Structures are given as structure tokens and as C-alpha cells.
Amino acid sequence: MFFGCCILKSGKEREEVEEKLKRITGKLIREHSLEEEEYRYLIDHREEVRDRLAREARRVTEQIYGDEIFVRGLIEFTNICRNDCLYCGIRNSNENVERYRLTEKQILDCCAEGYELGYRTFVLQGGEDGYFSDEVLVPLIRKIRREYPECAITLSIGERERASYQALFDAGADRYLLRHETADEGHYRKLHPERMSFRHRMNCLRELREIGYAVGAGFMVGSPFQTSRELAEDLKFIETFRPEMCGIGPFIPHRDTPFRDEPAGTLELTCFLLSVIRLAWPSVLLPATTALGTIDPRGREKGVLSGANVVMPNLSPTEVRRNYELYNDKICMGDESAQCRSCLDMRMRTVGRRVVTDRGDLRRTPREEVNEEESRKKNGTE
Ligand code: 5AD
Ligand code: FES
């Protein structure tokens, strides 16, 4: 009798959970918006909805982008950084890193090689290196802009003054990647030294958008102290801020950081979140990141099968690659740029996709166009 009762009760509870999950997934698929609590519920019960959401995410991706995968050529041009983020392998206080800066010529050579390989987006990524002032960067960006008028120039060089963002934009940069890292202020404080500010970082994202950049935000999955509550906040932030791009990858510990003994984020949770992000903001440019390819040999392919549509192969000179180690065992350390390009071509083909030679701009759905228009009017920006 006692056992029968329990089974009955748990059976009823199960039904309630199933009902609730059905309602929430239906709402996400139809309305592309959930309450933070609902995101959290999905994350906590993801085993039961993962496959369905991945299927839906693939369907939505194919509707908007077909079988096209966009590539960005990543040029890691300096590993010198004034910051000391607790998770990052090139943090300022890591004395085991051999520091480097590429010269202007080296950077331009990377672009030339990338162009030959079919890249139409160059991502200049680096630490927050004081050497790269506007005086140094503006002429460089102008040269790239003049040489490759049909290419996108993406910057990923951290927090700067608004006037600097403006100067780099005026020189010809058109996109900017600045992961917010976590949308929860308390969590942000646990991942960064005291002198870094959550508000400042979020403000940078807003300024970049106001200036006219296409912006990329993003966060690490499974970073220390992260719970489903923080992840739900990240999802709500992505849904409402609608960055043109959202970079997410698993946290992976680096041996020379305070988080060396922390567990890495998982492939499973990262892929699940890729699907949810695709459904919450259908047109978003969503990379299957190198970190995902690092924790699983087919991580990037699995990312694409969960809704990703961008890959960012390395274009940095091979001599410096091993020095841009944000986390342990990063892939592609010894590979030539051409190898990465053909490797990804091949990998994407195995999941029914095709790497295209294209700037790879965001494509809004007609419904999103209407929503954008309405929110612009509401905010009085027109
Ligand atoms: N594991 C995974 N991702 C990391 N990043 C930095 N350190 C790590 C790490 N240990 C990510 C951050 C940063 C981006 C360039 O790389 O999110 O914004
Ligand atoms: Fe660099 Fe596969 S992407 S070798």
C-alpha cells in the first residue's frame, strides 16, 4: 500500500513536470521568449527536452541560413593583457606565458593569407594591450579596409573608451566581440579581480551598439560558481539585448590560473544552451567555438547539430599560436591556417553543411524586422 501510494504520487508529479516542460518548450518555439524562471526550469530538466530543442534549433537555423556555415579568420595579434581574469591563461599575473605582439606586417600577411583561403571576415583578437592605442590601430584598420573593401573587420580587444570605439569604427571596423562573461553581477565578481566592473563591461556593449557596430556578447558554460540561475540570466540577457553574435563555449581550466582545479564545462550543457539561444533569438550568429572543439573531438560538429552556424578557424602565424593559450589543450596549436580551413570544410560536410565565402552578416526574419522597427519606435530612436 505504502509503495503503491508513492508510485502513484511520483507518477502524478511526473505528469506535472511533463506538462510544464511541454508548455515551456512550446512557448519558446512559438514566441522566442521565456521568463527567467522558465529558462531555469528548462536547464534543470534538460535531459527530457534536449533532443526536441536541438531538432527545432536545426530547423530554425536551416530556415534562415540554409546549409551555409560562415567562417571568421581569427588573428590573435597580441597576448599581452593588463587584466587578470581568474579563468584566463593569458592573465597578466601568469608569468609562464611567452608574451608576443604581431607587427603590422604580420597582421596584414595574415589577412592576405586569409583572403586567399576564402575568408571575408577578419577577427583581430587580443588581450588588453596598451601598446595598441588608437594611433596604432586606426592606420592598421584603414589599411585593411582599403585593401579588402568587401570584408568585415571584427575587433575583439576588450574594454575601451567610447571615443576609442568610435575612432576604430570610423577607421573601418564594423563588428566587435566582447563577451559579457556572465549576466549576474555577483557571479561576475567571483570571476574577475576587484578592479574590473560588470557595469562597465555591460556599458561597453551598449556603447558599441549605439556607435553602430554589430556586436557579439557571450559567456562561458560551466564557469566556477555558475548555477542554472546565472545561466538563466544569461539567456534572458541574450534574448532581450539581441547581440548580432553570441559566443559560448565550455569553461576549461588553465594550469596557471586560480581555477586550475575547477571542473570544465560540459559538451552536453553547451550544446543544449546553443539550441535554446537559437530558439530565443532565431537569427543570431552562433559560433561552434574552439573551446567546444577542445573538450570533444567532434564538439564543433555537435555544436552545429545543436543550432550553431559559424566557425572561427585560426589564422594566426603558427609560431605564436601556442602562446595564445586561454585554456589547457587548446586545439590547432601546430596547424597551418590552410589546414584549419580544409579541416573545417571537411568537418562541416560530415554534418550536411557547407562553408561559404561570404561576409556572413546576420539575416533577420521578416518577423524580426517588424519587432526591431517597433522597438526602435518605442525607444524614440527614430
Ligand atoms: N576556458 C574557456 N574559455 C575561456 N575564455 C577565457 N579563458 C577561458 C577558459 N579558461 C574565453 C572568455 C573570453 C574569450 C576570448 O575566451 O569568454 O571572453
Ligand atoms: Fe584547426 Fe581542425 S580547425 S586543424
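**View 1. Helices α6 and α8 pack against each other at an angle of about 35°.** In this predicted model, α6 (residues 162-171) and α8 (residues 198-211) have axes 10 Å apart; axes are lines fitted to C-alpha atoms, for helices over the stretch in contact, and angles run from 0 to 180 degrees between N-to-C directions. Helices (H or I, at least four residues) and strands (E, at least two) are DSSP runs, numbered from the N terminus. Arg162, Tyr165, Gln166 and Phe169 of α6 meet Glu207, Leu208 and Ile211 of α8, where contact means C-beta atoms, placed from the backbone, within 7 Å. Residues are numbered from 1 along each chain as its sequence is written, while chains are lettered from A and ligands numbered from 1 in the order in which they are written. Local features need pLDDT of at least 70, side-chain atom pairs count only at pLDDT 80 or more, and totals for chains, interfaces and linings use all residues.

**View 2. Three strands make an open, parallel sheet in the order β8-β1-β9.** Strands pair if DSSP finds at least two bridges between them. β1 (residues 68-71) joins β8 through two bridges, and Val71 has Val311 of β8 as its bridge partner. Helix α14 (residues 337-349) lies across β1, β8 and β9, at about 135° to β9.

**View 3. Here is the surrounding of ligand 1.** Among the residues around ligand 1 are Tyr87, Cys88, Arg179, Glu181, Met220 and His254, each with its C-beta atom, placed from the backbone, within 6 Å of the ligand.

How values were computed:
Two residues are in contact if their C-beta atoms, placed from the backbone, lie within 7 Å.
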